Amino acid sequence: MSVELLDAATIVSFVEDEEAFNVSILDRFAHLDTDHDGVLSYAEMEEELKSLRVFETHFGIDEKPDPNELVDVYKSLFSQFDHDSNGAVDLEEFKTETKQMMLAMANGMGFLPLQMVLEEDSFLKKAVEKEATKVGA
Ligand SMILES: [Ca+2]
Ligand SMILES: [Ca+2]
């Protein structure tokens with residue numbers, strides 16, 4: 001985990017660079033798919049869902065939720081990913097939903113950069129790193 005400064009433009013440019021975004025999605029998907037069956041079960045998605053929770057905490061939605069409520073939150077996030085409700089998230093669902101969530105977040109951020117605690121290998125962290133290389137180049 002590290003603390004990074006993140007703004008909406010960084011997220012949007014990361015998501016809109018389709019080639020780089022697809023590579024990150026594939027990477028992340030492969031990492032989460034621990035039994036290598038090509039889809040993500042709820043248990044496999046849990047890690048990702050927890051990192052998504054970080055967003056909500058930053059936006060001030062239930063700061064200290066009780067564990068039971070958290071399970072409900074994860075389950076509803078999972079069903080958001082699972083578009084065809086077959087109990088598993090495939091690569092296409094993962095990609096579409098991740099993109100939508102990141103764009104929704106960018107919309108909610110406005111123009112002011114936010115300080116966020118980012119997990120290593122999370123999409124937001126990758127977005128920040130990508131932006132940093134661009135600035136450095
Ligand atoms: Ca799997
Ligand atoms: Ca599905």
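Guide: Helices (H or I, at least four residues) and strands (E, at least two) are DSSP runs, numbered from the N terminus. This is a predicted model, in which local features need pLDDT of at least 70, side-chain atom pairs count only at pLDDT 80 or more, and totals for chains, interfaces and linings use all residues. Residues are numbered from 1 along each chain as its sequence is written, while chains are lettered from A and ligands numbered from 1 in the order in which they are written.

Visitor: How many helices and strands does the protein have?

Guide: Along the sequence, the elements follow the pattern β-α-α-β-α-α-β-α-β-α. The protein therefore counts, as DSSP runs, six helices and four strands.

Visitor: Are α1 and α5 roughly parallel or roughly antiparallel to each other?

Guide: The axes (lines fitted to C-alpha atoms over the stretch in contact, with angles from 0 to 180 degrees between N-to-C directions) of α1, residues 8-16, and α5, residues 91-109, come within 8 Å and cross at roughly 155°. Angles over 145 degrees count as roughly antiparallel and those under 35 as roughly parallel, 65 to 115 being roughly perpendicular and the rest oblique. The two helices α1 and α5 are therefore roughly antiparallel.

Visitor: Is His 36 buried or exposed?

Guide: His 36 lies in the loop between α2 (18-32) and β2 (39-40), and its phi is near 55°, a positive value in a residue other than glycine. A residue is buried if 20 or more other C-beta atoms, placed from the backbone, lie within 10 Å of its own, exposed if 12 or fewer, and partly exposed in between. Because His 36 has 6 other C-beta atoms within 10 Å, His 36 is exposed.
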